[in-house]
Amino acid sequence: MNWDSVKIQAQHWTPKHALSRLVGRFAAAKAGWFTQLFIRWFIRQYKINMSEALHEDPRAYKTFNEFFTRQLKPELRPLKAAAEHEFAHPVDGAISQLGDIEDGRIFQAKGHDYSLTELLGGDPRDSHPFKSGDFATIYLAPKDYHRIHMPCDGVLRKMIYVPGDLYSVNPFTAANVPNLFARNERVVCIFDSEHGPFAMVLVGATIVASIGTVWSGTVTPPRGPSVHSWNYPSSGEQAIVLKKGEEMGHFKLGSTVILTFPDDMIDFADELEHGSVTRMGELLGTLDD
């Protein structure tokens, strides 16, 4: 029996949205001793280093969501890529893939790529600046810090909610489910910077309880079957302006962040490759001269 095939088929048939919403209700509940028991099990299971957390004692967290989106001690994630020409890693995680966007297609895994336009919600006007640019896909494991930060200064231009499936986004699934990141539920955030536009795509996954941003709170769930988009002013009191290293969003249960840049905007750090560990604030790349 091919167990890899069985595991993928199980994902096809699992009621992923219902399961994820059920888990989301539990994660938000103040279930007293049961919440504490589950948090302690989770810490042991995934070998989470609680000495990094701002609040090290698991009893400080009244819900699993509070624990999962825990803050870290700020001195542990300094903004090392602080120079104007440097881009910072937006999350703790691991590089799944990075490289060139080739004629509007993004590499997912051996034998699989997917449409940039689909990823960003289906409007070619949103994807056009990036169609021959660069991308980085960063996977957040359950043990990782799950707040998402800015790679450089940016002004939010547009946010797009894209409905979809909720497959797992771990490396095994990425290697076996075609079009994974362009078929899962996701939130697309398009920013303008002094160096050019860039997009940050927050991809949902099985049992991801919600995706949120600092300017809008919880984006999903619920949203429903249709694409929704919000446009934002580029200046004035209503403009959303975020500095490099500032928090821009979070996952309640982990997933993947995909960054896209125009051609000739970023030169990724030489040491980055498939599997490279990322730490928020460290060097993602430099301005491509």
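Rings of Phe, Tyr and Trp (its six-membered ring) count as a pair if their centres lie within 6.5 Å; planes under 30 degrees apart are called stacked, over 60 edge-to-face, and the rest tilted. By that rule there are 19 aromatic pairs here. In one of them, the ring centres of Phe 42 and Phe 68 sit 6.0 Å apart with their planes at 80°, so this pair is edge-to-face. Phe 42 belongs to helix α3 (residues 33-46) and Phe 68 to helix α4 (residues 64-68), so the contact ties together parts that are 26 residues apart in sequence. Helices (H or I, at least four residues) and strands (E, at least two) are DSSP runs, numbered from the N terminus.

A quick word on the source: this is a predicted model, where local features need pLDDT of at least 70, side-chain atom pairs count only at pLDDT 80 or more, and totals for chains, interfaces and linings use all residues. Residues are numbered from 1 along each chain as its sequence is written, and side-chain values use heavy atoms, with hydrogens and water left out.

Both Phe 42 and Phe 68 are also part of one aromatic cluster, together with Phe 38, Trp 41, Tyr 46, Tyr 61, Phe 64 and Phe 67. Arg 70 lies over the face of Phe 67, 4.7 Å from the ring centre (the rule: NZ of Lys or CZ of Arg within 6 Å of the ring centre and within 35 degrees of the ring normal).

Which residues are buried? The table has four of them, with buried meaning under 20% relative accessible area, exposed over 50% and partly exposed in between (1.4 Å probe, protein chains only).

| Residue | Relative accessible area |
|---|---|
| Phe 42 | 6%, buried |
| Phe 68 | 2%, buried |
| Glu 185 | 4%, buried |
| Ser 255 | 0%, buried |

Glu 185 is in the loop between α8 (180-183) and β8 (186-193). Its side chain makes a polar contact with the side chain of Tyr 161 at 2.7 Å (a pair of N or O atoms within 3.5 Å; within protein, one must be able to donate a hydrogen and the other to accept it, and residues adjacent in sequence count only if both atoms are side-chain atoms).

Ser 255 sits in the loop between β14 (247-252) and β15 (256-261). An unreviewed UniProt entry annotates Ser 255 as "modified residue: Pyruvic acid (Ser)"; UniProt positions follow the numbering used here, feature names are shortened, and annotations may be inferred rather than shown by experiment.
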